[in-house]
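Open the model in your viewer and keep the selection tool at hand. Each stop below says what to select and what is there.

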Amino acid sequence: DKLWKVEATVPCHLTLSVHRALNNCGIAHNYIEGVGSHSIFNIYCPTQKESTKAKEIMDKYDAKYFVSESKTLY
């Protein structure tokens, strides 16, 4: 698998909900609150299963996001 990074913007009022949803799935992430009216999430997915789940969470909360390939994992 490869390490995928998902960068997302989420309205501030949904920040804790998204954070909890990612934590409940064991998906590594961090976020910055209060960038205008949004929070910025950086999500790290070492498997396709995790990246699929992260995208499902982002879709559920109508987040704007993009995915980039970071590196090959050994």
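**Stop 1: colour by confidence**

This is a predicted model. Colour the chain by pLDDT. The average is 92, and 93% of the residues score at least 70. Helix α1 (residues 15-24) has the highest confidence, at a mean of 98. Strand β4 (residues 64-72) has the lowest, at 83. Where pLDDT is low, predicted coordinates should not be read in detail.

**Stop 2: helix α1**

Select Thr15, Val18, Ala21 and Leu22. These are the buried residues of α1. They lie on the same side of the helix, because they cover an arc of only 135° around its axis. Show the neighbouring elements too: the buried residues of α1 pack against β1, β2, β3 and α2. Now turn to the other side of α1, where Arg20 and Asn24 are exposed. Move on to Gly26, which follows the helix and has a positive phi, near 70°.

**Stop 3: helix α2**

Select residues 48-60. Helix α2 has 13 residues and reaches 18 Å from its first C-alpha to its last, close to the 18 Å expected at 1.5 Å a residue. Pick out Ser51, Ala54, Ile57 and Met58, which are buried. Their arc around the axis is only 120°, so they sit on the same side of α2. The face turned away from that buried side carries the exposed residues Gln48, Lys49 and Lys60.

**Stop 4: the nonpolar core**

Select Val18, Leu22, Phe41, Ile43 and Met58. Of the 16 residues in the largest nonpolar core, these touch the most other members. The core gets at least two residues from each of β1 (2-11), α1, β3 (38-45) and α2. In soluble globular proteins, nonpolar side chains tend to be buried together.

Centre on Leu22. Which residues is Leu22 in contact with, leaving aside its neighbours within four places in sequence? They are Ile27, His29, Phe41, Ile43, Ile57 and Met58.

**Stop 5: the cysteines**

How many disulfides does a search of the whole structure find? The search finds 0. Cys45 counts as buried because its relative accessibility is 0%. Next, select Cys12. At 33% relative accessibility, Cys12 counts as partly exposed.

**Stop 6: Ile27**

Select Ile27, in the loop between α1 and β2 (28-35). Is Ile27 buried or exposed? At 2% relative accessibility, Ile27 counts as buried. Not counting residues up to four places away in sequence, Ile27 touches Leu22, Ile43, Tyr44, Cys45, Glu50, Lys53 and Ala54. Then draw a C-alpha to C-alpha distance from Ile27 to Tyr65. The two are 38 residues apart in sequence and 16 Å apart in space.

**Stop 7: Asp62**

Finish at Asp62, in the loop between α2 and β4. Check its backbone angles. Phi of Asp62 is near 50°, a positive value in a residue other than glycine. Most residues other than glycine have a negative phi.

Definitions and conventions: Residues are numbered from 1 along each chain as its sequence is written. This is a predicted model: local features need pLDDT of at least 70, side-chain atom pairs count only at pLDDT 80 or more; totals for chains, interfaces and linings use all residues. Side-chain values use heavy atoms; hydrogens and water are left out. pLDDT is the predictor's confidence in each residue, from 0 to 100. Helices (H or I, at least four residues) and strands (E, at least two) are DSSP runs, numbered from the N terminus. The expected span of a helix is 1.5 Å times one less than its number of residues. Buried means under 20% relative accessible area, exposed over 50%, partly exposed in between (1.4 Å probe, protein chains only). The arc is that of the directions from the helix axis to the C-beta atoms. A nonpolar core is a set of buried Ala, Val, Leu, Ile, Met, Phe, Trp, Tyr and Cys residues joined through side-chain atoms within 4.5 Å. Contact means heavy atoms within 4.5 Å. A disulfide is a pair of cysteine sulfur atoms within 2.5 Å.
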